[in-house]
Amino acid sequence: MSDSKQQYVIAIDQGTTSSRAIVFDHAGSIVSSGQKEHEQIFPRAGWVEHNPEEIWTNVREVVGTALSKANLTRHDIAAVGITNQRETAVVWDRYTGKPVYNAIVWQDTRTQPIVDALAKDGGMDRFKAKVGLPLATYFSGTKIKWILDNVDGAREKAEKGELMFGNTDSWVVWNLTGGVEGGVHITDVSNASRTMFMDLDTLQWDDSILETFTVPKSMLPEIRSSSEVYGTVHGSQLLREVPVSGILGDQQAATFGQAAFGIGDAKNTYGTGNFLIFNTGEEKVMSQNGLLTTVAYKIGDRPQVYALEGSIAVTGSLVQWLRDNLGIIKSAPEIEKLAQSVEDNGGVYIVPAFSGLFAPHWRADARGVIVGLTRFVNKNHIARAALEATAFQTREVLDAVNADSGVPLTELRVDGGMVANDALMQFQADILGVDVVRPEVVETTALGAAYAAGLAVGFWNDTAELASNWKEDKRWTPQMDPAERDRQMRLWNKAVTRTFDWVDEDVK
């Protein structure tokens with residue numbers, strides 16, 4: 001351990017709906033936390049934005065909350081780790097520190113025309129061999145291009161080297177380490193692998209792809225490992241002089257927090273969307289089944305570890321939609337009560353393709369459907385169908401992982417907000433046909449960032465020590481008859497096909 005006084009590591013989790021700061025002790029247990037939601041900005045259908053300055057203000061506030069709740073000061077903190085919503089693009093002025101536009105969020109679909117134009121030469125997989133990703137609105141690259149093409153004066157400033165880009169990890173780290181007064185402009189390999197610009201083999205920005213996108217290289221952060229000392233917190237802040245020493249994109253951070261360090265280890269995070277990550281070790285596996293190839297993490301100067309990822313756009317946000325748009329529930333936890341008050345979904349299936357379908361379909365032309373409605377159906381059935389949609393989509397992704405890896409998964413480690421829902425977890429085990437396992441600490445995203453930061457400063461010694469912290473809390477075993485499982489999947493697959501080809505010239 002680096003210093004007997006420094007008993008804790010703090011993680012800043014800059015997520016899609018909120019920013020949090022969580023203090024962890026050496027056992028990986030939560031000591032205190034602070035959380036604050038930021039505004040979701042929807043300027044028009046398909047557009048999703050955040051205010052980067054609001055996010056940075058909230059980050060500082062939640063750090064203060066977490067420290068004061070535990071009566072701690074900077075002298076008690078050994079390191080700061082950062083984890084973040086990936087693919088959400090911030091472009092800001094390097095001299096004023098002001099964003100030139102709101103952050104464009106990973107769910108945003110405005111860049112579809114850019115995707116279509118780039119796909120004319122070489123198709124959707126044009127860059128996949130190099131970057132592991134299909135062309136899609138999901139990734140940061142098209143968002144940067146959109147800002148340069150559409151914000152007055154942005155391209156001229158970028159060409160002159162006056163603008164910086166980053167996912168929200170880069171924005172937070174730059175501000176934490178001083179901003180215009182010498183802030184460090186970096187990202188880690190896990191975030192860089194979500195831009196469409198990083199070569200998976202060299203871990204460097206690819207000049208030819210940048211040229212194709214017309215994005216000046218001077219905007220991009222330096223790519224670093226996920227666990228090393230990048231700098232220290234700037235003088236005027238509560239954590240001043242504490243090393244910033246870990247960065248992981250949120251899904252990779254959850255994988256790290258679940259101690260999924262072995263080849264074939266997998267975790268599924270249930271958040272705004274769902275993200276299943278399957279560790280493939282030092283081997284880069286290119287998916288034949290609609291999954292992404294991504295960098296899981298890189299510890300210091302050790303070789304990078306790769307993963308296959310199944311990204312599902314809408315899971316927890318479907319529950320939010322039932323609450324905020326339809327008013328079927330008043331708070332998210334209510335959905336479990338409604339769902340449990342009926343024996344089954346009453347024949348209803350909801351496919352929440354609000355912004356197209358992600359893995360394994362990658363259909364930008366899809367839109368959400370509710371199918372199987374009859375006069376018998378009530379809001380309890382709709383609530384149940386909404387929860388089941390999460391489990392069905394996870395099964396589709398897991399089937400793709402099994403097909404790609406050739407190593408059938410024997411159990412699934414789960415984390416994120418929705419894993420508190422027993423009804424959902426039991427249905428998940430039933431529809432997968434394998435055990436679903438929840439750890440004692442479900443805040444694995446923040447924990448992973450804390451682990452990466454702590455490793456870099458010697459607070460923890462190695463990944464074996466991290467793995468020994470992992471403890472099972474609850475396990476769900478499949479109880480569904482296999483014939484019923486097959487019937488449910490057949491109906492789900494039929495519902496999915498009903499979402500295809502909705503968007504055409506007339507439908508924006």
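Predicted model: local features only at pLDDT ≥ 70, side-chain atom pairs only at ≥ 80, totals over all residues.
A259 is buried, with a relative accessible area of 9%. Check its backbone next: phi of A259 is near 55°, a positive value in a residue other than glycine. Most residues other than glycine have a negative phi.

Now select M196. Here too phi is positive in a residue other than glycine, with a value near 85°. To find M196, look in the loop between α7 (189-192) and α8 (207-213). Is M196 buried or exposed? Its relative accessible area is 1%, and under 20% counts as buried, so M196 is buried.

**A cis peptide bond**

Move on to the loop between β17 (349-351) and β18 (369-371), where P360 lies. Show the backbone from A359 to P360: the peptide bond linking them is cis, and its omega is near -5°. Most peptide bonds are trans.

**R155 and its surroundings**

Go to helix α5 (residues 154-159) and select R155, which is found there. Display the side chain and look for T214. A polar atom of the R155 side chain lies 2.8 Å from the backbone oxygen of T214. Which residues does R155 touch, leaving aside those up to four places away in sequence? They are K145, L148, D149 and T214.

**Helices α1 and α6**

For the last stop, colour residues 52-69, which form helix α1, and residues 168-176, which form helix α6. These two helices pack at an angle of about 60°, and their axes are 11 Å apart. An angle of that value makes α1 oblique to α6.

Then show the side chains where the helices meet. On α1, the contact is made by P52, E53, W56 and V59. How many nonpolar, polar and charged residues does the contact of α1 with α6 have? By class there are six nonpolar residues, one polar and one charged.

How values were computed
Residues numbered from 1 in each chain as written. Heavy atoms only, no water. Axes fitted to C-alpha atoms, helices over the stretch in contact; angles between N-to-C directions. Helix = DSSP H or I, 4+ residues; strand = E, 2+ residues; numbered from the N terminus. Parallel < 35°, antiparallel > 145°, perpendicular 65-115°, else oblique. Contact = heavy atoms within 4.5 Å. Nonpolar A, V, L, I, M, F, W, Y, C, P; charged D, E, K, R; others polar. Polar contact = N/O pair within 3.5 Å; in protein donor to acceptor, adjacent residues only side chain to side chain. Buried < 20%, exposed > 50% of the residue type's maximum accessible area, 1.4 Å probe, protein only.
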